[in-house]
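The exercises below ask the reader to work through a structure step by step. Try each task before reading its solution.

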Amino acid sequence: MTTKHCSFELMRSQFQESLKSCSEKKSLEPLNKAFDAFNTSDSDKRSALDQVLRDYLLVLFSSTGSADTISWEEYLQLCIEACRKDMATTTMPVVLLGDIFDALTLDKCERLFTFVEDNVSIWKEDLFFSACKNNLLRMCNDLLRRLSRSQNTVFCGRILLFLAKFFPFSERSGLNIVSDFNVENITEFGLDEPMDTKDADDKSDDDESPDKLKIDYNLYTKFWKLQDFFCNPNLCYNKVQWKLFSSHTSCVLSAFKSFKLYDEGKRSNKIVNLDESLTQHYFAKFLTNQKLLELQLSDVSFRRYVLLQFLILFQYLNSRVKFKSDTFELKSDQTEWVTETTQLVYTLLQETPPDGVKFSNTVKNILQREEFWNSWKNEGCPELQCPPAPADDDVASDSKKRVNSLPKRPQKRLGQIIKDATAHKKFVFGNPELNKLWNHMPDNLEACRSKERDFLPSLESYFEEAIEQTNPAAMLEEEYKKVNDCNFGWRALRLLARRSPYFFSQSNNLIAKMPEFLENMILRISKDKPTESTEVKMELTEVKQENHEDMHTIEVNDGDTEDEELMKSEEKKEEVTAAHNDTSKLMKSLVPELIPLIPLDNWKKLAIKLGFADNEIEYFEGMSLGRRKEHQTDCIKEMLKYWCDTDDCSIENLTYTLEGLEFMEAVEFLKPHHPSSPRVQANRLKSPVSAAAASSPPSDGWLTALKRQDKKYWNRRFDGQLKLGSALSHGFSVIQSDAPFV
């Protein structure tokens with residue numbers, strides 16, 4: 001056949017004639033020949049054929065009408081074959097289906113939908129699935145919009161079941177990922193006035209039956225208000241709503257329990273036709289008229305519907321849902337109530353005829369399977385895949401291996417293995433690593449006592465660095481010594497408890513200061529070293545003499561006891577505290593006269609030099625924000641009072657700071673009160689302790705310690721810290737300012 005070049009209209013007319021002959025012959029050969037005859041691109045030919053397929057659909061509507069569904073099915077099958085031969089777009093069958101459903105009535109749509117359901121395997125093929133899934137979903141949604149869920153319930157269910165078969169389980173469009181509830185499904189019932197009871201009063205007493213349930217307005221409202229909780233179970237996590245739900249549930253279940261149903265077929269001994277009993281009317285929405293409630297409670301299906309709603313709600317309250325809020329959790333008493341009520345509901349289901357026990361067990365199995373779907377949903381709905389089947393070659397090879405394999409040597413029994421290991425003094429635990437560990441040495445306790453497993457250091461090696469730091473030639477400040485390190489002290493205590501015989505003593509006195517205790521223990525340990533004992537004693541004696549803050553010299557001899565050392569340390573504390581209190585009182589008395597001599601504009605510079613932080617300066621400013629003129633004066637007053645209570649409080653520190661800021665009037669005011677002034681020296685010589693200190697020449701160790709303390713004091717002043725050692729505040733002013741530093 002010769003190929004020919006043509007336009008879109010020519011291809012359209014030729015395809016339409018070929019399609020007409022195809023529908024008459026019920027074969028695709030004429031259309032296939034016409035498709036191959038044109039010498040143009042496949043996309044142009046497919047677009048022309050797609051238009052022809054939709055145009056010919058109108059011809060079928062005008063010729064056959066909408067009564068013949070068989071012709072529609074044959075035409076759709078013809079279109080599917082054209083798609084498989086790549087002559088038409090793969091979406092054309094679903095597009096034609098949508099056009100047909102739009103033109104037909106609902107009754108005929110329901111009959112034609114059988115074709116869609118029967119060919120679900122075709123729609124799931126790789127050729128059609130990816131291209132047609134959105135069109136099929138749109139077509140089904142259009143049908144659902146036309147249908148009424150109360151009148152066309154069966155057709156709606158068929159559409160939903162088809163979508164469930166067509167789409168995989170992990171399809172996001174068919175999943176309620178965030179576990180939302182349809183809160184728009186509201187059950188309306190009469191809340192205005194109770195039903196008139198005149199007709200009930202006019203009835204004769206002969207019609208009353210003892211088994212008949214009396215329905216009042218209170219039970220009616222409680223029963224139908226439960227539908228709000230079934231519609232939105234999250235209401236149960238509210239305290240007020242939970243009380244309403246529990247009270248309404250107890251009332252309704254007690255009514256069910258008091259009004260039991262009986263199997264009428266057994267009581268009347270009548271032959272019941274199963275076909276007639278299975279034919280029941282289904283209503284998607286409840287009828288909420290108050291006059292019908294008595295009949296509804298007597299109906300078996302209605303009662304089962306309500307009890308099943310209770311079970312579904314109770315399962316949700318106790319289950320773990322991924323998107324449930326953290327606050328949505330039942331308390332212990334609520335959980336106990338739900339468990340008891342669930343058991344009561346199952347009991348009522350078992351007592352509801354016919355086949356109550358069988359129905360109850362079926363519901364229980366369904367809800368148990370629902371737990372697996374809930375866990376699958378919490379995991380993000382992963383795609384379900386079947387395990388791959390073993391290939392035929394693998395099965396054949398396995399069978400050959402079984403046939404050709406030689407019989408293996410029988411293994412020893414476990415008892416025989418343990419018996420042999422015991423004879424050779426070995427252990428068998430069933431694990432190679434455990435066997436290796438336990439069989440490393442014959443005697444495990446002896447292995448634990450070996451010297452290689454002793455990781456404790458000796459006292460001499462651990463305290464070696466601390467002993468070197470106690471040497472005065474090291475020129476190390478007190479705060480940087482090892483004995484002041486808390487980690488070193490904690491390890492030292494543990495080592496002393498294991499190695500030293502002096503740790504556990506008969507004294508009940510507690511440890512006052514950790515550094516002092518460690519120094520004393522170092523002194524005692526040094527006694528056990530005959531070659532180094534004298535040197536260590538001299539070094540520790542000089543270290544104790546350097547501690548001028550405590551004003552006490554430790555006399556190292558064999559007669560000192562722990563009680564005496566603790567008493568001396570307490571005396572040192574009292575002396576230091578008393579000296580500091582005297583200096584603080586003196587400074588506080590001088591503050592009112594000193595304030596007018598300090599420039600008001602530069603008081604913040606003074607605060608910074610005295611070591612106050614920015615937040616502390618803001619605090620002083622906030623003490624008197626309500627005043628204007630005296631604001632800065634009050635700030636200086638609060639600052640100096642606060643500084644007088646610190647450890648840095650001394651006249652020397654303040655004098656040096658004021659000199660650096662060039663506040664000369666304040667400096668001249670403080671000079672008469674300086675400890676180095678003649679008046680203060682005369683007052684100090686009147687006391688017996690100070691007189692003795694001034695008359696007797698100091699020892700070499702004492703003089704060296706004071707010189708080092710003086711150098712330390714001046715270094716701190718140059719660094720801006722302004723901290724004066726406690727030695728100068730206790731009358732050790734015999735060292736003049738021109739004394740040489742060491």
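**Exercise 1.** Find the ring over whose face Lys45 lies, and then examine the surroundings of Phe15.

*Solution.* In this predicted model, Lys45 lies over the face of Phe35, at 4.5 Å from the ring centre. Turning next to Phe15, and leaving aside residues up to four places away in sequence, one finds that Phe15 touches both Phe35 and Lys45, along with Leu31, Ala34, Phe38, Ala48, Leu49 and Val52. Phe15 is also one of the residues that touch the most other members of the largest nonpolar core, which has 57 residues; Leu53, Phe101, Trp123, Ile159 and Phe162 belong to that group as well. Apart from this core lies another, of 35 residues, which includes Trp224, Tyr316, Val345 and Leu349. A further charge over a ring is found at Tyr346, where the charged end of Lys364 sits 4.8 Å from the ring centre.

**Exercise 2.** Classify the geometry of the aromatic pair Tyr56 and Tyr75, and decide whether each residue is buried or exposed.

*Solution.* The structure holds 30 aromatic pairs. For Tyr56 and Tyr75, the ring centres are 5.8 Å apart and the planes stand at 40 degrees, so the pair counts as tilted. Elsewhere, Phe101, Phe113, Phe129, Phe155, Phe162, Phe166 and Phe167 form one aromatic cluster.

**Exercise 3.** Determine how many residues of helix 32 are buried, and describe the backbone just after this helix.

*Solution.* Helix 32 spans residues 651-660 and is mostly covered, with seven of its ten residues buried. The buried residues are Ile651, Glu652, Asn653, Leu654, Thr655, Thr657 and Leu658. Just after helix 32, Glu662 takes a positive phi of about 65 degrees.

**Exercise 4.** Judge which stretches of the model call for caution, starting from the average pLDDT.

*Solution.* The protein averages a pLDDT of 74, and 70% of the residues score at least 70. Over residues 197-207 the pLDDT is below 50, and beyond near neighbours in sequence this stretch has zero contacts in the model. Residues 684-742 also have a pLDDT below 50, but this stretch has 80 contacts beyond near neighbours in sequence. Where pLDDT is low, the predicted coordinates should not be read in detail.

Terms used
Residues numbered from 1 in each chain as written. Predicted model: local features only at pLDDT ≥ 70, side-chain atom pairs only at ≥ 80, totals over all residues. Heavy atoms only, no water. Buried < 20%, exposed > 50% of the residue type's maximum accessible area, 1.4 Å probe, protein only. Helix = DSSP H or I, 4+ residues; strand = E, 2+ residues; numbered from the N terminus. pLDDT = per-residue confidence, 0-100. Contact = heavy atoms within 4.5 Å. Phe/Tyr/Trp six-rings, centres within 6.5 Å; stacked < 30°, edge-to-face > 60°. Lys NZ or Arg CZ within 6 Å of the ring centre and 35° of its normal. Core = buried A, V, L, I, M, F, W, Y, C linked by side-chain atoms within 4.5 Å.
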